[in-house]
Structure formats: C-alpha cells, structure tokens
Amino acid sequence: MRQFFLEDKGQVGQEVLLSLEDSHHLIHVLRAQAQEEIQLVSGGQVFEAVYLREEGGRARVRLVQEKASHQTKRRVILIQAMVKGQKFETILQHGTEVGIDGFYPIQLARSVSDIRAKYPKKRDRFEKILRGAAEQSNALEIPFLGDYLTLKDIGGLLGPEDLLLIPYEEEKPGQDLANLLGGVQGDIYYLIGPEGGFSPEEIAYLKKIGGRTLSLGPRILRSETAALVAGFMLKNHLEGSRREDISD
C-alpha cells in the first residue's frame, strides 16, 4: 500500500487534498482508481485512506481509520562525513529506507569533498530525496536533515542520555551491540568517517567527549556502505527490543 504524508494533523472521516507533487504521483504515475486504498501519515499517526477523485490537479482522499504504530521513541541519527559525487544522496535515500531518523553532514580532516558553500542550495534537493524515500519505504516520519557540522559541533548535539558511536576500522571485532546500547535511554548518534578514514586526533577527541568506537567486522567498507550497514544494525536492534517489550 503506497504511503503519503500530510502536512496538517488528520483525523478519521476527514477529506483532504494531497500536495501537487504527491497528487501527480498518485494519479499519473501510480494511476490510482477511485476507492483505491492508500496510507497517510500525519504527525506520527498512520491512517488507512481511500482515493476519491481529482480536483484541480490534486487528489482528494478520505481518512478511513487509524492504524496502530509501533515506532520506537529512540532515534538513530547519522553524522556522515561528506563523500564524493552523488554518494551522499545515495546515503540519504537508502539510509531512510533502513530506518535512519536524521542526518547531519560533517567536514572532517580527510574529507575529499567539501560542499559547505553549496549546501544551502542543495538542501532542498536533499530534503526531497528524504521525503520520497520515506513515502516509498512506509516510514512513519520524514527524516530530518541538519546543518553542516564540524567536529567541534558534535558535543553540542548530544544530550545527557544520548550515545555517540564511531564505527572504526582500527577497533577489534567482537563487541556485543546489546552491551554497547544497554541502558541507553536517549538517541543513538553514529559517525561515519570519510573515504580516507579518521585521523588519530579526531578519534582522540571523539573519545574525549564520550564517543565509543566499534567494529563492523573484519572487512574494510566504503563510507557509504558503512553508513547503511551500521544504520540497519542499530535500527534493527532497537526495533527488535521494542517488539520484545510489546510481546512481554
């Protein structure tokens, strides 16, 4: 069932018009027929809805009933060293699909690409990618895209209950993810380095502010691969823990 997002809070029985972009996709790309079922998300609430008709190029839909949501309150947030070409867009798209809740680009010592001057202009495109990926993957919220960071900004992001993880090729394999995350009540931030890796000075600083290094295994992964592998592992662990809590 295809999913779309509502900007305003919805309620059962309400009829709403989708945005022009979503309407075009529903009507002309998916070729929806009257009474076809879709899913709408509004403020974390999930609704079953039906497409009614086209009105002035926009799709009118009715919210039929609310669906249960099992979303975990703890977020997984990626701080990604800027990578070359369109790799950052790939990370945004596929990272959203695996469940990452937010993204921050960061400039590190060995970053090959530097788009800080262009970032404000590129941000609209990046946010459209996030929205499209969230709709395609039935995410309950569109991930946020934060400001461009430097290393010194990271400490200011972390709350007292949050955890910062750093996948690091120099770390020995074997850490138990459950032990790393055990007792953490806040959000989980994880920092992925650039193609050239972290400098020793960066790792020393990250450990100083409370970051914990971990291994993703014996193989050396590309930056964009590591971002997705780590994000999937972390989100899967949190959602698995949530399912166990619900079943208990």
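Tyr104 counts as buried in this predicted model, at 14% relative accessibility, where buried means under 20% relative accessible area, exposed over 50% and partly exposed in between (1.4 Å probe, protein chains only). Residues are numbered from 1 along each chain as its sequence is written, and side-chain values use heavy atoms, without hydrogens and water. Because the model is predicted, local features need pLDDT of at least 70 and side-chain atom pairs count only at pLDDT 80 or more, whereas totals for chains, interfaces and linings use all residues.

The structure holds five aromatic pairs. Rings of Phe, Tyr and Trp (its six-membered ring) pair if their centres lie within 6.5 Å; planes under 30 degrees apart count as stacked, over 60 as edge-to-face and the rest as tilted. The ring centres of Tyr104 and Phe144 are 5.5 Å apart and the planes stand at 70°, so this pair is edge-to-face. The pair links distant parts of the chain, 40 residues apart, with Tyr104 in strand S7 (residues 102-106) and Phe144 in strand S8 (residues 144-145). Strands (E, at least two residues) and helices (H or I, at least four) are DSSP runs, numbered from the N terminus. Phe144 is partly exposed, with a relative accessible area of 25%.

Tyr168 and Phe198 also form an edge-to-face pair, at 6.3 Å centre to centre and 70° between the planes. Tyr168 lies in the loop between strand S9 (163-167) and helix H5 (177-181), and Phe198 in the loop between strand S10 (188-192) and helix H6 (200-208), 30 residues apart. Tyr168 is buried at 16% relative accessibility, and Phe198 is buried at 5%. Elsewhere, ring pairs join Phe88, Tyr119, Phe126 and Tyr148 into a cluster.

Lys152 lies over the face of Tyr205, 4.0 Å from the ring centre; a charge sits over a ring if NZ of Lys or CZ of Arg is within 6 Å of the ring centre and within 35 degrees of the ring normal.

The second largest pocket is lined by 23 residues, of which Pro167, Glu169, Ile220, Leu221 and Ala226 lie nearest its centre. On a 1 Å grid over the protein atoms alone, a pocket is an open set of points where a 1.4 Å probe fits, with protein on both sides within 12 Å along at least five of seven lines; lining residues have an atom within 4 Å of a point. Helix H7 (residues 223-247) supplies the largest share of this pocket's lining, three residues.
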